Amino acid sequence: MAERRTPSRGMDDVDAVTRAVLTASRLLVAVSARSLAEVEERVTLPQFRMLVVLSTRGATKLVVLADLLQVAPSTAMRMIDRLIAAGLADRQINPDNRRETMLQLTDEGRRTVADVTARRRTEIATIVERLAPAQRTALVGALTAFNEAGAEPLAPASDDPELYPLGWVDTPLGRGA
């Protein structure tokens with residue numbers, strides 16, 4: 001096991017926190033990658049991000065989806081084409097405006113998001129269980145402050161009947177809590 005070092009008194013606080021968050025992000029990326037292991041032949045991590053956005057927003061126009069993912073519309077189109085070919089998403093004509101095409105998940109796409117999210121939640125819970133109760137409390141406070149500083153809405157509780165893996169729900173303004 002790697003040696004744990006605490007920052008020296010002279011170390012810049014921002015640097016110490018940044019380093020700790022970068023390390024934690026490596027762990028979370030590894031957890032994310034492992035949670036995708038069962039579907040990795042069909043879905044890449046960027047494609048899974050697209051599935052998650054579609055699962056949280058429902059039927060969405062391509063330009064909105066590209067904006068939410070911060071990719072070019074042409075990139076989003078290639079990604080959605082692959083997801084459609086895999087049976088995880090589909091296109092429908094917008095009944096309110098027949099000139100628009102809406103993108104949405106299929107039942108298989110929804111199951112994929114739910115399964116991957118459940119595996120991720122289980123692995124994160126296993127890691128958190130290794131922390132002492134006081135460390136868990138401190139971690140909740142620190143991560144809540146970090147998420148608020150980054151304007152990231154809170155993820156749902158495990159007993160929430162409508163799990164939104166990224167904490168997003170469909171609101172009139174788009175992304176919100």
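Select Ala-89: at 3% relative accessibility it counts as buried, where buried means under 20% relative accessible area, exposed over 50% and partly exposed in between, with a 1.4 Å probe and protein chains only. This is a predicted model, in which local features need pLDDT of at least 70 and side-chain atom pairs count only at pLDDT 80 or more, while totals for chains, interfaces and linings use all residues. Residues are numbered from 1 along each chain as its sequence is written, and side-chain values use heavy atoms, with hydrogens and water left out.

Ala-89 lies in strand β2, residues 89-93; strands (E, at least two residues) and helices (H or I, at least four) are DSSP runs numbered from the N terminus. Show its neighbours, taking contact as heavy atoms within 4.5 Å. Not counting residues up to four places away in sequence, Ala-89 touches Leu-54, Ile-80, Leu-83, Ile-84, Gln-104, Leu-105 and Thr-106. Draw a C-alpha to C-alpha distance from Ala-89 to Leu-105: the two are 16 residues apart in sequence and 4.2 Å apart in space.

Step back to Leu-88, in the loop between α4 and β2. Leu-88 counts as buried, at 0% relative accessibility. Beyond four places in sequence, its contacts are Arg-42, Val-43, Leu-51, Leu-83, Leu-105, Thr-106, Glu-108, Gly-109 and Thr-112. Val-43 is 45 residues from Leu-88 along the chain, and their C-alpha atoms are separated by 9.3 Å.

With residues up to four places away in sequence left out, Thr-106 touches Gly-87, Leu-88, Ala-89 and Asp-90.

Now colour the nonpolar core, a set of buried Ala, Val, Leu, Ile, Met, Phe, Trp, Tyr and Cys residues joined through side-chain atoms within 4.5 Å. The largest one has 24 residues, and those with the most contacts inside it are Phe-48, Met-50, Leu-51, Leu-54, Leu-65, Ile-80 and Leu-83. Which elements give two or more residues to this core? They are α2 (45-57), α3 (62-69), α4 (73-85), β3 (101-105) and α5 (107-129). α2 gives the most, with six residues. In soluble globular proteins, nonpolar side chains tend to be buried together.

Leaving out residues up to four places away in sequence, Leu-54 touches Thr-60, Leu-65, Ile-80, Ala-89, Leu-103, Gln-104 and Leu-105.

Select the whole of α2. It has 13 residues and reaches 18 Å from its first C-alpha to its last, close to the 18 Å expected at 1.5 Å a residue; the expected span is 1.5 Å times one less than the number of residues. Its buried residues are Gln-47, Phe-48, Met-50, Leu-51, Val-52, Val-53, Leu-54, Thr-56 and Arg-57. For Arg-57 the relative accessibility is 16%, and its C-alpha is 8.8 Å from that of Gln-104, 47 residues away in sequence. Gly-58 follows α2 and has a positive phi, near 75 degrees.

How do α2 and α4 pack, and at what angle? The angle is about 85 degrees, with the axes 10 Å apart; axes are lines fitted to C-alpha atoms, for helices over the stretch in contact, and angles run from 0 to 180 degrees between N-to-C directions. α2 is therefore roughly perpendicular to α4, the class for 65 to 115 degrees; under 35 counts as roughly parallel, over 145 as roughly antiparallel and the rest as oblique. Pro-46, Gln-47, Met-50, Leu-51 and Leu-54 in α2 meet Ala-76, Met-79, Ile-80, Arg-82 and Leu-83 in α4. These residues divide into eight nonpolar, one polar and one charged; Ala, Val, Leu, Ile, Met, Phe, Trp, Tyr, Cys and Pro count as nonpolar, Asp, Glu, Lys and Arg as charged, and the others, Gly among them, as polar.

Finish with Gln-70, in the loop between α3 and α4. Gln-70 is exposed, with a relative accessible area of 73%. Its phi is near 60 degrees, a positive value in a residue other than glycine.
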